[in-house]
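Here is a short briefing to read alongside the structure. Keep the 3D view open and follow the topics one by one.

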Amino acid sequence: RRHGRDGGRALLEALASLPDASLEHLELTDNMISEENGLAIARVVLKHGACLRHLLVGDTGLGAPGIAAICLALRRTGAPALERVNFAQNEVSVRGATRIVVALGAAPSLTTLGLADNMELGERGALVLAKAMNDGAFPALEQIDVSRCQLRGGEGQVALEAVCSSRGIRVVNEKDDDEEEEDFDDEEEEEEEDFDESELEAQL
């Protein structure tokens, strides 16, 4: 079922009222929850992090602030039971990839990581993931989806595919027919973020 911004807020408030560590599956895929509700999702994650197995928030309009807040919550909980995460189409950038590594790199049960349709990730973001995985991050990972993330055979894609191959991890990298015509420049410096991560952490 789809929920708009207000419906999403009401749903998250209801989830927050559940007893601690009682929610195993949180799916909000394809709902425009919006950036302002990112903290609400993070609080739900923080409350249920000990038993949460599936966190599916792809295409929810969370943007960088929402993903940052969720990563802070995951980092605090350690995500001991988390098996599937989907952050698709949420403006996950190079900084976002770093946050995901910090939050989930040691997650003992994570088998599936979805990052599709994040054009901001690009080759540099893939390289961040590859370097972390080469150092042992995501120890249980079986599949990572980087489809339509502007990977074009560069250093990041090559490194990610190499480390995944060595560890038996499936890389999903589907492309649209016109993806090569996109105007996103992965070599440009990332824009300054318009939020303070320390403030997000204080609000959790």
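Six strands form an open sheet in the order β1-β2-β3-β4-β5-β6, and their pairing is parallel. Strands β1 (25–27) and β6 (170–172) stand at the edges with a single partner strand each, so one side of each has no neighbour in the sheet. From one strand to the next, the twist averages 10°. Please keep in mind that this is a predicted model.

**How the strands pair**
- In general, strands of a sheet pair through backbone hydrogen bonds, in either a parallel or an antiparallel way.
- Asp-145 has Val-172 in β6 as its bridge partner.

**Order of the elements**
- The protein has seven helices and six strands in its secondary structure.
- Starting at the N terminus, the elements follow the pattern α-β-α-β-α-β-α-β-α-β-α-β-α.

**Contacts along the chain**
- If you take the contacts in the protein between residues at least 6 apart in sequence, 88% of them join residues at least 24 apart.

**Burial and surface**
- The protein has 204 residues, and 49% of them count as buried.
- Its accessible surface comes to about 9,700 Å².
- Carbon and sulfur atoms account for 44% of that accessible surface.

Notes:
Residues numbered from 1 in each chain as written. Predicted model: local features only at pLDDT ≥ 70, side-chain atom pairs only at ≥ 80, totals over all residues. Heavy atoms only, no water. Helix = DSSP H or I, 4+ residues; strand = E, 2+ residues; numbered from the N terminus. Buried < 20%, exposed > 50% of the residue type's maximum accessible area, 1.4 Å probe, protein only. Contact = heavy atoms within 4.5 Å. Areas by Shrake-Rupley, 256 points an atom, 1.4 Å probe, with all protein chains shown as cover. Pairing = 2+ DSSP bridges. Axes fitted to C-alpha atoms, helices over the stretch in contact; angles between N-to-C directions.
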